[in-house]
Amino acid sequence: MIKYVFLDLDDTLLDFHKAEAEAIKKTLRQLDIEPTNATVKRYSEINLSQWKLLEQGKLTREEVKLRRFEILFDELGQVRDAEYARSFYEETLSHGHYFMPGAEALLEALFGKYDLYIVSNGTTAVQNGRIESAGIARYFRKIFLSEAVGDVKPSQLFFERCFAEIPGFDRDAAIILGDSLTSDIQGGINAGVKNCWYNPSRCAGREDIKPDFEISSLDEFPILLRRL
Ligand SMILES: [Mg+2]
C-alpha cells in the first residue's frame with residue numbers, strides 16, 4: 001500500500017519548457033537580442049547541461065544560474081550582463097505557470113488518499129512563485145526544494161533530509177513520480193523508494209537507470225497506485 005507520494009514539479013506537474021521559453025524570450029528582448037527559435041532552443045540545451053553538472057556536484061547553483069547566460073552570450077557573440085539576465089529571467093519565470101496535461105486532475109485524484117509532497121531541484125524563489133501562481137500548494141503536506149533542503153536530487157542525502165521531516169515515514173510505502181531519469185528515478189533508487197518515470201514523449205530509456213514503473217500519461221498514475 002502506498003501512503004507517501006513524492007512528485008517532481010518541473011515537466012511533471014508544471015510545463016517548465018513552455019514557461020522557460022516564454023521567460024527566455026522576454027529576457028532576450030529586454031537585452032535587445034532577437035529571441036529566434038534557434039536561440040531559445042540553444043538556451044534550453046545549455047541550461048539543461050548546466051543543471052546536469054549541478055546534479056553531478058560539479059557546479060554550484062549560483063554558478064549554474066550565471067553560466068547558462070554567459071555561455072549563451074558568448075556563443076551569440078554578444079556582450080551582455082549575465083547577472084542582470086539571471087535576475088530578470090528568474091523574476092519573469094516566477095510569475096505564471098502552465099500545467100502539464102492532466103496535472104490538475106491528477107492532484108485532485110490523489111489528494112486526500114495519499115500524503116503528497118513536492119521534491120524539486122529548482123530555485124526556491126522561482127518555484128515558490130510558480131507553485132503560488134498555479135494555486136497548488138494546498139495539495140501538499142510539504143514542499144521540498146533542494147536549495148532549502150541543502151542538497152539536490154538524486155543524492156540520497158536530499159531524500160533522507162526530506163524523510164526525516166515526515167513523522168512515521170515508511171519508505172516501503174513511498175513512491176516518487178518524475179520525468180527525469182537522472183534526478184527523479186536515480187533519486188528514488190538512491191533513496192530506496194519505488195519510482196515511476198513519467199515519459200510523455202516516450203523517449204528511449206537508459207540501460208543504467210531502470211525505473212520500477214513507467215507511464216506516458218498522468219492519468220495512469222492513480223491506477224498504478226491502487227495496484228501497489
Ligand atoms: Mg522534472
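**Reading rings and a metal site**

Me: Where does the charged end of R138 sit?

Reply: It sits over the ring of Y139, 4.3 Å from the ring centre. The criterion is NZ of Lys or CZ of Arg within 6 Å of the ring centre and within 35 degrees of the ring normal. Bear in mind that this is a predicted model, where local features need pLDDT of at least 70 and side-chain atom pairs count only at pLDDT 80 or more, while totals for chains, interfaces and linings use all residues. Residues are numbered from 1 along each chain as its sequence is written, and side-chain values use heavy atoms, with hydrogens and water left out.

Me: How many aromatic pairs does a search of the whole structure find?

Reply: Rings of Phe, Tyr and Trp (its six-membered ring) pair if their centres lie within 6.5 Å; planes under 30 degrees apart are stacked, over 60 edge-to-face, the rest tilted. Here the search finds 14. One of them, F6 with F169, is edge-to-face, at 6.0 Å centre to centre and 75° between the planes. F6 belongs to strand β1 and F169 to the loop between α8 and β4, so this pair ties together parts 163 residues apart in sequence. Strands (E, at least two residues) and helices (H or I, at least four) are DSSP runs, numbered from the N terminus.

Me: Which residues are the protein donors of the magnesium ion?

Reply: Donors are N, O and S atoms within 2.8 Å of the metal (3.2 Å for Na, K and Ca); water is not among the atoms, so sites may look incomplete. Here they are D8 (OD), D10 (O) and D179 (OD), lying 2.1 Å from the ion. Their sequence spacing is D-x1-D-x168-D.
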